[in-house]
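Biologist: I am new to this one. Could you take me through its charged pairs?

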Amino acid sequence: KDGAWDIAEGSDYWRYYIPAEEIGDGQHTIGVRATDVNGVQGREFTTAFILDTAPPEVMITSHATGDIVNGRVKFEGRSSDINGIESIMLSRDGGETFEELKAKFNRKENYYTFDFTERTDRMEDGPHIYFVRARDTTGTETDQPFLFFVDNKSPDIVVISPAEESPAHGVVRVVGTINDDVGIDRFWYEFEKEEYDIQLVPGDSYWSMEVDVRELGGRWANIEFFAVDSSGNESRLRYRLFNDKEGAKPILNIVTPSGFDERPTLD
């Protein structure tokens, strides 16, 4: 033990207990020798063994559990074990079947790295659980579950009022709703080549903004709405109002005199 000799139990048949918790996992070498009743020592015999009390460690490093993803996503991870890693496998169907992943050994950090790519745009929205299995050189395995959410739906932008292509003049208030399952990161509109953010109230899908068409030339007031949700999905809505220049002009009516049917007379 630690290079020192200790006495085993027995003689012709002997045994010696090694406290596994004190020597740690990995390969160890033990040497034994016998001494007869006259004090003569025999030659030393050695044997090697591998101690494995802890399963391999394996984790996804590129994403946190419960992350929301979309599009083409590359997942990365690493695995380590003092006795070495024999294989790393992935299950996409809840642990029913596994496929082997290519692992690379990082000598500087003493662990294996792996990665796999998923086309989440071909998957159903909602939660998905994958399993990563690491097996060390002694056959001990670890199955590590990994949860992520797929969100392929873009934000839904709706303009409620005024109706599309309806007459507009002066300062027009536009009202609508926006909905998304995972939340909106940014919502804005473009008018006359300028961007304007639209403020949203948490938990309230309704929004409103004002657009000034008093100095606008042309027949139409063109507005484009844009939104990006928390998983990167983008939406775009084109909307226009009729630039009612005539409707913006004041109208004058003469109430009296009403016309030339009656001529004033002098008494």
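**Salt bridges in the model**

Modeller: Start with R133, which is buried at a relative accessible area of 18%. Keep in mind that this is a predicted model.

Biologist: Which side chain meets R133 in a salt bridge at 3.7 Å, N to O?

Modeller: Side chains of opposite charge can pair when their charged atoms come close. In the salt bridge with R133, the partner is E141.

Biologist: Which residues do shared partners join into one network?

Modeller: R133 and E141 meet in a salt bridge. Both belong to a network built from salt bridges that share partners. Its members are E86, R133, R135, E141 and D143.

Biologist: How far apart are the closest N and O atoms of R92 and E118?

Modeller: R92 lies in the loop between β8 (85-91) and β9 (99-101), and E118 in strand β11 (residues 111-119). They are 26 residues apart, so the pair links distant parts of the chain. Their closest N and O atoms are 2.6 Å apart.

Biologist: Is E118 buried or exposed?

Modeller: Buried means under 20% relative accessible area. E118 has 11% relative accessibility, whereas R92, at 33%, counts as partly exposed. E118 therefore counts as buried.

Biologist: Is R238 buried or exposed?

Modeller: R238 sits in strand β21 (residues 234-243) and its partner E224 in strand β20 (residues 220-229). Their side chains meet at 3.3 Å, N to O. Exposed means over 50%. R238 has a relative accessible area of 58%, so R238 is exposed.

Biologist: How many salt bridges does the structure hold?

Modeller: R92 with E118 is one of them. E224 with R238 is another. The structure's total is 16.

Methods:
Residues numbered from 1 in each chain as written. Predicted model: local features only at pLDDT ≥ 70, side-chain atom pairs only at ≥ 80, totals over all residues. Heavy atoms only, no water. Salt bridge = Lys/Arg side-chain N within 4 Å of Asp/Glu carboxyl O. Helix = DSSP H or I, 4+ residues; strand = E, 2+ residues; numbered from the N terminus. Buried < 20%, exposed > 50% of the residue type's maximum accessible area, 1.4 Å probe, protein only.
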